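This report concerns the pairing of charged side chains. Please consult the sequence and the structure shown below while reading.

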Amino acid sequence: MKTIFSGIQPSGIPTIGNYIGAMKQFVQLQEEYECFFCIVDEHAITVPQDRIKLRQQILQLASLYLAVGIDPDKATIFIQSEVAAHAEAAWIVQCNTSLGELERMTQFKDKSQKTGAASVSAGLLTYPPLMVADIILYNTNLVPVGDDQKQHLELTRDFVERFNSRYAAKNQELLVLPEVKIPEKNAGGRIMSLQDPTKKMSKSDTNTKGFISMLDEPNIIRKKIRSAVTDSSGKIEYDVENKPGVSNLLVIYSSLTDLTIDEIVAKYKDSGYAEFKNDLAEVVVATLEPIQERYKELLTSEELQSILDLGAMEAAKVADKTLRKMKNAVGLGRKPRR
């Protein structure tokens, strides 16, 4: 069985974009792959965090992982900082990655250009090696990501090829070379803002009408979808270039139902935007309500704590084994004794 690794930062309540593009896929993937789903809290501290709020968000995200249908008997759910191998492996990755490679990473380039490199934390520059470590520690074959994360997977693949070439014995493979797994077109890989459909939906958007949180109440969801930007034609059709707002709503609708985009377009060919938006709102509400109920049950439960304890132990077994291989390859510590 091939292995999948994926992680989400506990930087706020996920949006329906996160749900459609990642978490919903996780539920399907756990049936076909050995899955490691990580709450990457070490990545979250590349920017200042309130420690109480961060710890609450970690538990919220873990509860949502379970509430959407991830089964701890089929997948390993754990918190990154509770598996020490991540930080250790990241240092080895950093020492085998050039400064030029890191400075080319889009997030660092964008932020340093906007605010100046002097104001950006070193962690923002070096977090991609931590992401590389996250992936390679679990002998990952496939990493499900959106288009905006492809650059990090390229860095991971470059590192693995370099590390194996430099340290592995002839015809041996120290680290597994991962492949990127991007959702199929129109499968919700990139859900856009409800207010600016040219930008990705983000939980950090200052305009709260632009995103739907997975914990939004039904009436809030209905209001946000009713106010979603469309256009003046009144015609429901899929055309990303000319009708990005309507196209985005169609992708959301299709991703949360068994209907294709073509079937939805045919269903509403004689309807206006109001009816279409009202029906979409009910689809979103019906999807999120049972998730929210289960989330509330889990958040303060001993069940959640036990699942995370076990997840950390199971993840550490795999990660520590890979870390030992990496340390031995570069010559850290004493030579392993038989």
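## Definition and basis

A salt bridge is a side-chain nitrogen of Lys or Arg within 4 Å of a carboxyl oxygen of Asp or Glu. Side chains of opposite charge can pair when their charged atoms come close.

The model is predicted, so local features need pLDDT of at least 70 and side-chain atom pairs count only at pLDDT 80 or more, while totals for chains, interfaces and linings use all residues. Residues are numbered from 1 along each chain as its sequence is written, and side-chain values use heavy atoms, with hydrogens and water left out.

## Salt bridges in the model

The count comes to 13 salt bridges. One network of salt bridges links Arg294, Glu297 and Glu303.

## A pair between a strand and a helix

Glu179 and Arg157 form a salt bridge, with an N to O distance of 3.3 Å. Because Glu179 lies in strand E5 (residues 179-181) and Arg157 in helix H8 (residues 150-167), the pair ties together parts that are 22 residues apart in sequence. Helices (H or I, at least four residues) and strands (E, at least two) are DSSP runs, numbered from the N terminus.

Glu179 is partly exposed, at a relative accessible area of 40%. Buried means under 20% relative accessible area, exposed over 50%, and partly exposed in between (1.4 Å probe, protein chains only).

## A pair within a helix

Glu314 forms a salt bridge with Lys317, their closest N and O atoms being 3.4 Å apart. Both residues belong to helix H13 (residues 302-330), where they are three residues apart, or about one helical turn. Glu314 is partly exposed at 32%, whereas Lys317 is exposed at 57%.
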